[in-house]
Amino acid sequence: MSQAMELLGQGFVQDALKAALIVAVICSYMGVFVVLKRIVFVGAALAEVSGLGAALAFFPPIVSLLQALAPQIGAFRPEHYEHSAPIILAFAAMLVAVAVFSQQGLGRTLPREAIIGATFAGAAGLTILVLSKNPSGSEHAMDALNGNILGVLHSDIDILAISGAIVAILQGLFYKEFVLVAFDPEVARTLGYRSAAWELLWYLTLGIMIAVSIHVAGTVLVFAYLVLPPMTALLLSRRLGLVLLLSVVFSVLATFAGILISVSPVDLPSSPTIVGCMVSMLLLAWLVRAASALRPAR
Amino acid sequence: METLIEFEHADLGYGRRSVVLRDVNLRITRGEFLGVVGPNGSGKTTLLRTFLRLLRPVSGTVRIGGSGEVRFGYVPQRETVDTLFPIPVGEIVMMGRYSRIGVLRRPGRGDHEAASRALEHVGIGHLAAASYRDLSGGQKQRALIARALATQPDVLVLDEPTNGMDLASEQGLLDLIRRLHVEDRLTVILVSHLLANVANVAHRVAIIAEGRVDEGAREEMLTTEHLSALYGMPVQVREVDGRRVIVTGTPP
């Protein structure tokens, strides 16, 4: 216990916890809607597209182009480039994907899932191709793509905190509208709501969070936060409010446990360890649910 | 009588290349009960979506609301409502209040009272805390009607409300709809693929067939001659204990 407290007192562990907890809280909250709206693959595709945007920041022709703009845009100056450019391009790529995925007409010609799947596969493949042409070695690029929570910078935490606060405020302010439009978009339209505009706003908040989180936590961990804690919570509760709360609580617990285990003498990579903790919670919830179903009714 | 909805030579559909219903002429006045009947795929949903202002006419005129705004209470087919969402019945009914509450505001005491009244009115006040997914088909339909009533609508629009119900639930629901029309003086539009559903409750009947809407008073529309001509097959309308019964086909 004292060793765990000692580890938690270290600066780099505290920074990692701050960053991971921001990502965990917001993504696991929004993930409940991702799961209920049956758009889990959208979450994966948005993460992958944002990853492609981040990878493009290390693609030589893009690097040359952006640095040529450097005098006009400070974020692309060489001293800021490695931290700013991946986030900006991830954000831009996410915006394009959100604009496409939130179209209500999407799926009239081809199944919606197929379009999202093609985007996922295309973005994943292109990311590997782009990274293979990174002449300066792929370490920074891989960090930008896969995240390195234990190496998170203060500037990353600031960006995460600001983005997280904006998303949290929007989600809180428009909670009832987001629930209505997700639950019954057609009735929402008959009540005078512009369902398409509300959908776009919701996707934007999701996209913002994914784009800024990828840089810190990587695609796998962000996707895991979007899916695993919400699934665990949905197994244990039948009240939306409680599901949202439990999802956040589970993601926070898994983050604490995962980071503690990863910096302990066991020495495991942090993101996969957090994912492992979330999977364990899901399995445990499944067992609890199965056990309660077997209990004889009174 | 105040005209709430009026269609004049309206072509309805999804653009000039996908006109579903042609030259629709309809007038619905306050307090009326219109039954819209037609086989699956005939264009009932297109007509309903135009009523609800979700679709604009391809051509012609559709006027909704004469002297003021018309508020619709829409009851969708219950199969279209997602049961995966863990939302209690009371919260679903509260959704009907959202347009009155407005953006950035939370439901107040008046909204909670209105939602409770709507639930009591349809006979499921005791199910406010129950999960929607745990309800029977009839209870789900009543919950959706309560949500529509919570909007305090001028017009109640119901899309295939008795689909997949057993006889007792179906009759109970039709009785409820008739009671809402008579006691609350609600204007009702009931869309169904079953003539029998509207035969004894609607004042006016609109029958959709082959891209046309044939509309008139129930007594004119539901006659053996008219229905046989319209459907191109033997259809008999009989009265049993003062209720209309529609029989299709030739007697054995």
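This is a predicted model: local features need pLDDT of at least 70, side-chain atom pairs count only at pLDDT 80 or more; totals for chains, interfaces and linings use all residues.
Colleague: What makes you say that domain 1 and domain 2 of chain B are in contact?

Modeller: Two residues are in contact if their C-beta atoms, placed from the backbone, lie within 7 Å. By that test, 9 residues of domain 1 of chain B touch 6 residues of domain 2 of chain B. On the domain 1 side, two or more residues come from each of strand E6 (155–159) and helix H6 (167–183) of chain B. H6(B) gives the most, with 4 residues. That side of domain 1 has 6 nonpolar, 3 polar and no charged residues.

Colleague: Which residues make the contact between H2(A) and H12(A)?

Modeller: From H2(A), they include Val13(A), Ala16(A), Leu17(A), Ala20(A) and Ala24(A). From H12(A), Leu244(A), Ser247(A), Val248(A) and Ile259(A) are among them. By class, the contact has 15 nonpolar, 5 polar and no charged residues.

Colleague: And where does chain A touch chain B?

Modeller: Here 19 residues of chain A are in contact with 19 residues of chain B. On the chain A side, helix H9 (175–183), helix H10 (185–190) and helix H12 (240–263) each give two or more residues. That side of chain A divides into 9 nonpolar, 3 polar and 7 charged residues.

Colleague: One more, back in chain B. Why is helix H1 (residues 44–51) described as largely enclosed by the rest of the structure?

Modeller: A residue is buried if 20 or more other C-beta atoms lie within 10 Å of its own. In H1(B), 6 of the 8 residues are buried, so the helix is largely enclosed by the rest of the structure. The buried residues are Lys44(B), Thr46(B), Leu47(B), Leu48(B), Thr50(B) and Phe51(B).

Colleague: What follows H1(B)?

Modeller: Arg53(B) does, and its phi is positive, near 65 degrees.

Methods
Residues are numbered from 1 along each chain as its sequence is written. Chains are lettered from A and ligands numbered from 1 in the order in which they are written. Ala, Val, Leu, Ile, Met, Phe, Trp, Tyr, Cys and Pro count as nonpolar, Asp, Glu, Lys and Arg as charged, and the others, Gly among them, as polar. A residue is buried if 20 or more other C-beta atoms lie within 10 Å of its own, exposed if 12 or fewer, and partly exposed in between; C-beta atoms are placed from the backbone.
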